[in-house]
Amino acid sequence: MDYKLAVIKGDGIGPEVVDAALEILDAVGEKFGHKFEYTEVMAGGAAYDKFGTPLPAETMEVCLKSDAVILGAVGGLKWDNLPGNERPEAALLGLRKGLGLFANIRPAILFEALKDSCPLKPEIIGDGLDICVVRELTGGIYFGERGFKDTDMGKAAYDIEIYSEKEVERIAKVAFEMAMKRGKKLMSVDKANILESSRLWRRVVQEVAKDYPEVELSHMYVDNAAMQLVRDPKQFDVIVTSNMFGDILSDEASMITGSIGMLPSASLGDNNKGMYEPIHGSAPDIAGQEKANPIATVMSMAMMLKYSFGLIEESDCIESAVTKTLNAGNRTGDIAKPGEKVLTTSEMTEAIKAYI
Ligand code: IPM
Ligand code: MG
């Protein structure tokens, strides 16, 4: 089969990790007889520098016409003082909204070989960790009305958290379906003791639950969830939560699995089209130095093959190549123990490719 992919390398370490991922994808294509056609388009800071906008219309058009989108990372110090709608991050939000990608799947798995990189005590992690965060991606405070107003305390700024029943219902369904394929346990995280939007969220999740009697549903306040993730992460199977809480909790979940450099993500909508990116940022401090860990982006390719194209064997092939690479002791700086040999981004990529 032929697949048309839009490729956005982005800023900072984005280009390095995307190049690595495409190399692995090509190796998989060669092995299984698929052709991946790439159209490179720009978004983020790099696009702003060239076109004066972080999300050029052409980028959106190409992404809409592609079978899936691969993205590195966007953002950097250089663009931090731009107004909100011109910042690199605005491109990411525009892509998510424009492509209708309301469900963000962020699996946090602790590889056996990386148990020592986990900052938690061995008795807490036991035989490993496998948590899946399902984050709502096109609603909530990220997309609610925002602005300024004058008050007697001076100028004030506001961002509104708003969720509709339909928005909660569709993300809840994705989460219940995910739970059915896994351990049949779903934790919905909210702040229903304070927020009206959370109380609506909880009510709708409870309604959707009636269609999934096999799934054990619980609810937790977000502050407690942040604490429970480090106290007893093994109690979690699938977590479903809002855009903002999901942003925060997925970073926390990633770190307890060793390094933020390891976690892939898939952003999905109603059809099979998806956007695949590492959950880490552009890490400008190490950009262009061959220090970045390409695994999060490589694993995002495995998610793409599975979720967008239904290529399960091909997807498994990437996951097992990464596992074997780690088992063989290959490490980038973020996951190396003191004294261990540190591979460059390209060396790590070659090591993974050898197992494809
Ligand atoms: C993420 C990132 C983005 C977000 C930023 C870069 C806009 O942190 O994907 O988690 O907040 O969604
Ligand atoms: Mg984030």
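Student: How many nonpolar, polar and charged residues does the shell around ligand 1 have?

Tutor: Ala, Val, Leu, Ile, Met, Phe, Trp, Tyr, Cys and Pro count as nonpolar, Asp, Glu, Lys and Arg as charged, and the others, Gly among them, as polar. Here the shell has two nonpolar, no polar and five charged residues. The model is predicted, with pLDDT of at least 70 needed for local features and 80 or more for side-chain atom pairs, while totals for chains, interfaces and linings use all residues. Residues are numbered from 1 along each chain as written, chains are lettered from A and ligands numbered from 1 in written order, and side-chain values use heavy atoms, without hydrogens and water.

Student: Which residues surround ligand 1?

Tutor: A residue is near a molecule if one of its heavy atoms lies within 4 Å of it. Ligand 1 is surrounded by Glu89, Leu92, Arg96, Arg106, Arg135, Tyr142 and Asp247.

Student: Which polar side-chain atoms lie by its oxygen atoms?

Tutor: A polar contact pairs N or O atoms within 3.5 Å. An oxygen atom of ligand 1 lies 2.6 Å from a side-chain N or O atom of Tyr142; for Arg106 the distance is 2.8 Å, and for Asp247 2.9 Å.

Note on methods: A polar contact is a pair of N or O atoms within 3.5 Å; within protein, one must be able to donate a hydrogen and the other to accept it, and residues adjacent in sequence count only if both atoms are side-chain atoms.
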